[in-house]
Amino acid sequence: MKITLKIWRQKKADTKGKLVAYDLNNIDPKQSFLETLDTLNQQLIAKGEEPVAFESDCREGICGVCGLYISGTAHGPLRETTTCQLHMRTFKDGETITVEPWRAKPFKVIKDLVVDRSPFDRIIQAGGFVSVNAGNAPDGNIVPISKKAADTAMDAAACIGCGACVAACKNGSAMLFVAAKVAHLAHLPQGSIEGQKRVRAMIAQMDAEGFGSCTNTYECGAVCPKGISVDFIAEMNRRWLGATLFDSK
Amino acid sequence: MLNLDAKIPSGPIELKWQKHKFEMKLVNPANKRKFNIIVVGTGLAGASAAATLAELGYNVDAFCFHDSPRRAHSIAAQGGINAAKNYPNDGDSIFRLFYDTIKGGDFRAREANVYRLAEVSNAVIDQCVAQGVPFAREYGGYLDNRSFGGAQVSRTFYARGQTGQQLLLGAYQSLMRQASAGQVKLHPRTEMLDVVIVNGQARGIVTRNLVTGSIETWAAHAVVLATGGYSNVFYLSTNAKTCNVTAAFRAYKRGAGFANPCYTQIHPTCIPQTGEHQSKLTLMSESLRNDGRVWVPKQKGDKRPPAQIPENERDYYLERKYPSFGNLAPRDIASRSAKEVCDQNLGIGPNGNGVYLDFADALNRVGAKVIGERYGNLFEMYERITADDPYKTPMRIFPAPHYTMGGLWVDYNLMSTIPGLHVIGEANFSDHGANRLGASALMQGLADGYFILPYTIGHYLASAQLSDVDTSHSEFAAALADVQARNAKLLRLKGKRSVDSIHRELGQLMWHNVGMSRNAAGLLQTLQRIPELREEFWQNAIVLPASGEEFNQELEKAGRVADFLEFAELLTRDALERRESCGGHFRNEYQQEDGEAKRDDKNYAHVAVWEHKGDDKTPERNIEQLKYENVALVTRSYK
């Protein structure tokens with residue numbers, strides 16, 4: 001395959017960036033998209049040019065560190081697919097593919113396609129946990145949990161924290177990410193005790209980080225590589241409202 | 001000569017850990033805040049340790065080279081975590097889990113450590129449930145279990161095919177809770193490049209900030225390494241791209257013994273390599289072997305699609321050779337058997353480098369819905385990569401480097417030969433022997449982090465003589481200068497070959513000669529070739545053109561590959577010196593007539609611990625003799 005990659009190049013957070021075009025020949029359709037970037041980088045290194053900075057690690061679709069805006073869609077054209085699981089057979093021979101980093105105010109560009117997603121960690125720090133110390137937890141079967149509740153919690157817990165939801169949202173909202181964590185823990189008895197405190201604290205931190213509001217366009221759900229349902233956003237709003245109106249704090 | 005006193009408590013094995021916990025010195029709660037502990041790595045072991053130490057009241061600095069602790073490679077573990085709960089009432093017990101692990105490791109692990117692992121495994125599950133890990137449940141609301149390779153009981157707890165992710169998120173959330181409380185200081189995008197030793201004790205580390213390039217020193221009262229394994233010495237492996245040996249190898253060079261580096265695990269169920277472009281191999285969870293049947297055509301070179309090959313022309317070789325374990329035979333055996341049939345030109349797929357993992361029988365038996373519930377996400381992942389649908393056609397699988405049982409030597413307290421330097425999880429050597437059973441890596445990482453290290457490190461802090469040391473000490477300046485000089489040397493590499501291409505060549509060399517089976521000729525040839533490749537690296541590699549004072553992924557890679565190029569020699573040397581076959585270490589010269597591994601308990605029932613003697617000197621092989629008081633060293637048989 002022949003492919004043209006138009007890639008966002010930006011030296012540092014505070015320098016200007018621009019799209020630069022690279023032509024690639026002999027791309028194997030079985031290659032992954034990231035392996036194509038590897039191929040490009042090997043060619044750039046051979047020419048003495050600086051390789052494109054991008055992040056990847058597990059390359060199995062689970063660590064959540066890769067994430068590119070590919071021809072206008074977060075993680076590229078396939079539904080429920082991370083960038084690392086996208087293969088070149090998805091594209092047409094001769095296609096021009098535009099590759100950009102996540103663009104959202106709270107995610108600062110570090111270099112080229114690498115962005116800083118530490119705001120997500122700070123949102124989890126605000127309350128995305130169960131307050132339990134190690135050492136004396138009761139037997140795991142002491143509290144039965146219905147299969148349905150456990151499955152729903154797992155549906156939400158599948159979030160990999162890649163940030164595609166933020167990148168895809170015109171407002172740069174992190175509602176799907178936060179909703180997933182709120183729902184994951186709220187559906188389990190162990191997490192429900194702090195449920196009201198958690199939902200208030202996480203939303204407050206999300207706002208403090210500068211993420212935008214949700215306007216129900218659901219682009220986040222459409223691009224989520226793990227298929228996290230936007231229903232969790234509605235659930236989070238209900239829980240937040242309940243916590244705000246009825247919790248004694 | 002290294003001091004290899006394992007400090008195993010006396011008494012019956014069931015009481016050793018209880019006795020030890022009582023005998024260890026305690027740090028007064030009010031004094032814990034006076035101690036600073038550095039934890040490097042935030043996977044299952046590191047995150048659980050850092051969180052628990054902080055809960056206890058210590059001041060913790062947690063370092064990881066990822067952008068967030070939630071990315072550590074533990075996240076990729078799919079299948080499950082073992083514990084001896086015996087919920088399914090199928091005869092499991094702490095002793096059986098202990099026995100299976102010792103036997104699975106081919107009697108090359110330390111009894112006392114393994115028993116303790118089995119003992120605390122149940123508390124690990126309880127802790128994770130309490131954190132909100134959404135384990136799979138039965139309709140009655142109780143935890144579900146499944147079986148895994150190498151075990152005849154169902155002791156594996158799981159969260160769909162994302163168990164590692166869910167367990168890591170549990171540990172990460174605990175870590176975030178402590179970060180929020182100010183008890184843990186997080187240092188993401190920071191890579192450890194050296195350990196600082198003061199008066200013979202580990203008192204700090206040297207790091208590079210991967211964004212700014214700034215090289216810094218950090219002091220503490222103790223250092224914990226939880227930096228994972230070294231499978232990427234093979235270049236292609238199931239490990240994440242950034243997994244590396246640097247932290248452990250730098251510690252080795254500072255005096256920590258490196259134990260059993262030749263014990264590497266080749267996982268039997270990975271997607272076969274498709275081409276030269278490939279950057280890594282993808283694991284398919286071993287749990288698939290519960291319902292998948294492994295076979296190859298009986299006839300060599302049979303290129304018919306699998307559906308057209310009738311039953312009587314298929315060889316279900318695992319079921320044929322190992323009737324009692326069948327497709328659930330342990331990983332080393334299943335891997336080697338796959339290689340055997342491929343070596344006999346019976347392999348399937350375009351490159352003949354695969355065997356079928358067929359779900360047809362299970363789909364007929366329980367239906368696609370049930371199979372989808374069990375393995376749906378794995379099937380999807382497989383289809384994305386290969387464009388084949390496993391509901392319709394068998395998966396193609398082949399073994400790939402996956403886990404490393406070798407690692408830094410530690411005593412019963414998880415402390416290396418450098419006082420104060422503790423090593424946990426995959427980075428240490430202690431619990432898996434020569435082979436690891438499925439679903440036990442997660443168990444070990446969390447057992448070390450939640451329930452073992454927090455006790456033993458307290459004993460060290462309470463009993464060691466620790467002088468006041470900060471980063472102004474001359475040893476910190478010296479270590480900092482070493483790291484700066486090494487980085488400068490890497491940045492001067494202006495040759496013609498990329499760092500990746502040299503790593504790829506090293507990987508090929510290791511895979512062919514030091515992979516699933518080894519022999520003296522191949523190992524000697526490798527020992528000759530590695531120094532040449534190292535020379536090629538230092539003469540002809542290229543690290544262009546960004547500086548060291550910025551985000552520079554080529555510099556990061558170069559440092560890791562430079563260490564792999566030295567470590568590979570140690571691994572090969574260890575494989576050469578171990579003249580027997582055991583677990584993941586199979587020497588062609590030492591096999592039974594039927595091709596099974598031939599262990600030599602008389603001469604090799606020991607841990608080989610390598611001691612660095614200087615860059616231009618041969619390392620010294622030390623021995624910790626293994627004593628078996630509770631199990632008989634039988635020949636491993638799964639027939």
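Residues are numbered from 1 along each chain as its sequence is written, chains are lettered from A and ligands numbered from 1 in the order in which they are written, and side-chain values use heavy atoms, with hydrogens and water left out. Because the model is predicted, local features need pLDDT of at least 70 and side-chain atom pairs count only at pLDDT 80 or more, while totals for chains, interfaces and linings use all residues.

## The two chains

Chain A has nine helices and seven strands. Chain B has 16 helices and 21 strands. Helices (H or I, at least four residues) and strands (E, at least two) are DSSP runs, numbered from the N terminus.

The table sets out values for each chain.

| Property | Chain A | Chain B |
|---|---|---|
| Span along principal axes (C-alpha) | about 65 × 35 × 35 Å | roughly 75 × 60 × 50 Å |
| Buried residues | 60% of 249 residues | 67% of 639 residues |
| Accessible surface | about 9,900 Å² | about 21,000 Å² |
| Carbon and sulfur share of that surface | 51% | 48% |

Buried means under 20% relative accessible area, exposed over 50%, and partly exposed in between (1.4 Å probe, protein chains only). Accessible areas come from the Shrake-Rupley method with a 1.4 Å probe; for residues, only the protein chains shown count as cover.

Contact means heavy atoms within 4.5 Å. In chain A, take the contacts between residues at least 6 apart in sequence: 69% of them join residues at least 24 apart. In chain B, residues 24 or more positions apart account for 74% of the contacts with a separation of 6 or more.

Charges come next. Chain A carries 30 positive and 27 negative side chains, with the centres of the two sets 4 Å apart. Chain B carries 74 positive and 71 negative side chains, and there the centres lie 1 Å apart. Lys and Arg count as positive and Asp and Glu as negative; His and the chain ends are not counted. Each charge is placed at NZ of Lys, CZ of Arg, CG of Asp or CD of Glu.

## Two buried residues in chain B

Asn239(B) sits in the loop between β9 (222-225) and α7 (246-253). Its relative accessibility is 3%, so Asn239(B) counts as buried. A polar atom of its side chain lies 3.0 Å from the backbone oxygen of His402(B). Beyond neighbours within four places in sequence, Asn239(B) touches residues including His73(B), Lys280(B) and His402(B).

Pro399(B) belongs to strand β15. Pro399(B) is buried, with a relative accessible area of 3%. Ala334(B) is 65 residues away in sequence, yet the two C-alpha atoms are 8.6 Å apart. Leaving aside neighbours within four places, the contacts of Pro399(B) include Ile266(B), Trp511(B) and Met516(B).

## Two loop residues with positive phi

Tyr218(A) lies in the loop between α7 (195-208) and α8 (219-223) of chain A. Its phi is positive, about 65°, although Tyr218(A) is not a glycine. Tyr218(A) is partly exposed, at 42% relative accessible area.

Ala387(B) lies in the loop between α10 (360-386) and β15 (395-404) of chain B. Its phi is about 70°, again positive in a residue that is not a glycine. Ala387(B) is partly exposed, at 47%.

How values were computed
Polar contact = N/O pair within 3.5 Å; in protein donor to acceptor, adjacent residues only side chain to side chain.
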